[in-house]
Amino acid sequence: MAKEYEHATLICAVITIVALIGIIIGIYFKLPLVVLFLMLPAVLYEIYRTEGVSTKFASLGMLIILIAEAVLIIFNININLANIIGGKTEITRYRIPLGDVKMLGPIIIAVLSGILIRRTAGKYTIWLAVVILVSSIALLYAINPDIIGQLFRGGVVEEGLRRIR
């Protein structure tokens, strides 16, 4: 059964504004927790709005990863994946720079939001998925501004966008 949508536009608009405030404050003051906590309403409403098995799984996965990410940031847990795996790893023919495990959460959330953009039919769930995608990129940037340039230089972002289309 389709979810109620009478106030969905207003709710999504408010959630978008809240996420944008989180992005601006989080990046400006280098506070990834602000980005994380202010993207949480988008993830929670996404969970409410999704109905299919795969989309519900993806939205619940984002919440679990957000909670894990918050724990890693709050308790300043640093696990260097490069030391464990050995520097860089390849995904298809693209090399992904590895570093602190905290960078992995936003990347996984971005992938899950890409899945939601592609697999969901509802305009509000797509809207929320885009907000989450942008917020996860901002969260990654707030954690480590250098990683964004590395991902673009490696061709990973371009390949991901091509596959989403």
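1. Ground rules. Residues are numbered from 1 along each chain as its sequence is written. In this predicted model, local features need pLDDT of at least 70 and side-chain atom pairs need 80 or more, while totals for chains, interfaces and linings use all residues, and side-chain values use heavy atoms, without hydrogens or water.

2. H1 with H6. Helix H1 spans residues 8-28 and helix H6 residues 123-143; their axes come within 10 Å and cross at roughly 5°. The two are therefore roughly parallel (angles under 35 degrees). Helices here are DSSP runs of H or I, at least four residues, numbered from the N terminus. Axes are lines fitted to C-alpha atoms over the stretch in contact, with angles from 0 to 180 degrees between N-to-C directions.

3. Who meets whom. H1 residues including Cys 12, Ile 15 and Ile 23 meet H6 residues including Trp 127, Leu 128 and Tyr 141 (contact: heavy atoms within 4.5 Å). This contact has 15 nonpolar residues, four polar and no charged.

4. H2 with H3. Helix H2 (residues 32-49) packs on helix H3 (residues 53-74) at about 160°, axes 10 Å apart. H2 and H3 are therefore roughly antiparallel (over 145 degrees). Their contact divides into 17 nonpolar, one polar and three charged residues.

5. Core. The largest nonpolar core holds 30 residues; Val 43, Met 62, Ile 109 and Ile 132 have the most contacts inside it. Its members are buried and joined through side-chain atoms within 4.5 Å (buried: under 20% relative accessible area, 1.4 Å probe, protein chains only). H6 gives the most to this core, with eight residues.

How values were computed: Parallel < 35°, antiparallel > 145°, perpendicular 65-115°, else oblique. Nonpolar A, V, L, I, M, F, W, Y, C, P; charged D, E, K, R; others polar. Buried < 20%, exposed > 50% of the residue type's maximum accessible area, 1.4 Å probe, protein only.
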